[in-house]
Amino acid sequence: AEASHPPVLCSLDEHNHAVVTRDHRYICYEDQGEELYDLRNDPLELHNIRGTAGADAIVRELRRAIPRSLAPPAPGLAAYDFDWKTYQWQRR
């Protein structure tokens, strides 16, 4: 990834991540499954190139965008009460 185009990280739970750059999309799953797509030549992501020559170097680079630990989940609506006098949400 170029400095002017930093990777974008999308996470689902703690162990499922997708890292997207201008050129590639890397997906890793909790069960250790992986996918890698060349977005310039395959914009519809039809061909997983994870097992092809050169893929290991790309994956190593994209894995660096995945944090070692994630922030705790944000509190849900149940953590708040609505104050009708001030018309604001208050943390319980």
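Author: A residue counts as buried under 20% relative accessible area and as exposed over 50%, with partly exposed in between. By that scale Gln90, at 36% relative accessibility, is partly exposed. The model discussed here is a predicted one. Setting aside neighbours within four places in sequence, Gln90 is in contact with Ala79, Tyr80, Asp81 and Asp83. Pro72, by comparison, is 18 residues from Gln90 along the chain, and the C-alpha atoms of these two residues are separated by 20 Å.

The aromatic residues come next. A pair of aromatic rings is described by two quantities, the distance of the centres and the angle of the planes. Two rings pair if their centres lie within 6.5 Å, and planes over 60 degrees apart count as edge-to-face. The count by this rule is four aromatic pairs. One of them joins Phe82 and Tyr87, with 5.0 Å from centre to centre and 80° between the planes, an edge-to-face arrangement. Another is formed by Phe82 and Trp89: the ring centres are 5.1 Å apart and the planes meet at 70°, so this pair is edge-to-face. Phe82 therefore takes part in the pair with Tyr87 and in the pair with Trp89. Together with Trp84, these residues make up one aromatic cluster, whose members are Phe82, Trp84, Tyr87 and Trp89.

Phe82 has a relative accessible area of 24% and is partly exposed, because the buried class requires a value under 20%. Trp89 is likewise partly exposed, at 48%. Tyr87, at 59%, counts as exposed, since its value is over 50%. A further ring contact involves a charge: the charged end of Arg91 sits over the ring of Tyr80, at 5.5 Å from the ring centre.

In soluble globular proteins, nonpolar side chains tend to be buried together. Here the largest nonpolar core has eight residues, namely Val19, Tyr26, Cys28, Leu36, Ala55, Val59, Leu62 and Ile66. Strand E3 (24-28) and helix H1 (55-63) are the elements that give two or more residues to this core. Helix H1 supplies the largest share, three residues. Between the C-alpha atoms of Glu61 and Glu35, 26 residues apart along the chain, the separation is 14 Å.

Asp13 lies in the loop between strand E1 (8-12) and strand E2 (16-20). Its phi is near 60°, a positive value in a residue other than glycine, and Asp13 is exposed at 60% relative accessibility. Glu45 is placed in the loop between strand E4 (34-38) and H1. The phi of Glu45 is near 55°, again positive in a residue other than glycine, while its relative accessibility of 25% makes Glu45 partly exposed.

The chain as a whole supplies the remaining context. The protein has one helix and six strands, and from the N terminus on these elements run β-β-β-β-α-β-β. The radius of gyration is 19 Å, well over the 12 Å that the globule rule gives for 92 residues, so the protein is more spread out than a compact globule. Along the principal axes the C-alpha trace spans about 65 × 30 × 25 Å. Buried residues account for 23% of the 92 residues. Of the contacts between residues at least 6 apart in sequence, 20% join residues at least 24 apart. The protein exposes about 7200 Å², of which carbon and sulfur atoms supply 53%.

Methods:
Residues numbered from 1 in each chain as written. Heavy atoms only, no water. Phe/Tyr/Trp six-rings, centres within 6.5 Å; stacked < 30°, edge-to-face > 60°. Buried < 20%, exposed > 50% of the residue type's maximum accessible area, 1.4 Å probe, protein only. Lys NZ or Arg CZ within 6 Å of the ring centre and 35° of its normal. Core = buried A, V, L, I, M, F, W, Y, C linked by side-chain atoms within 4.5 Å. Helix = DSSP H or I, 4+ residues; strand = E, 2+ residues; numbered from the N terminus. Rg over C-alpha atoms; globule rule 2.2 N^0.38 Å. Contact = heavy atoms within 4.5 Å. Areas by Shrake-Rupley, 256 points an atom, 1.4 Å probe, with all protein chains shown as cover.
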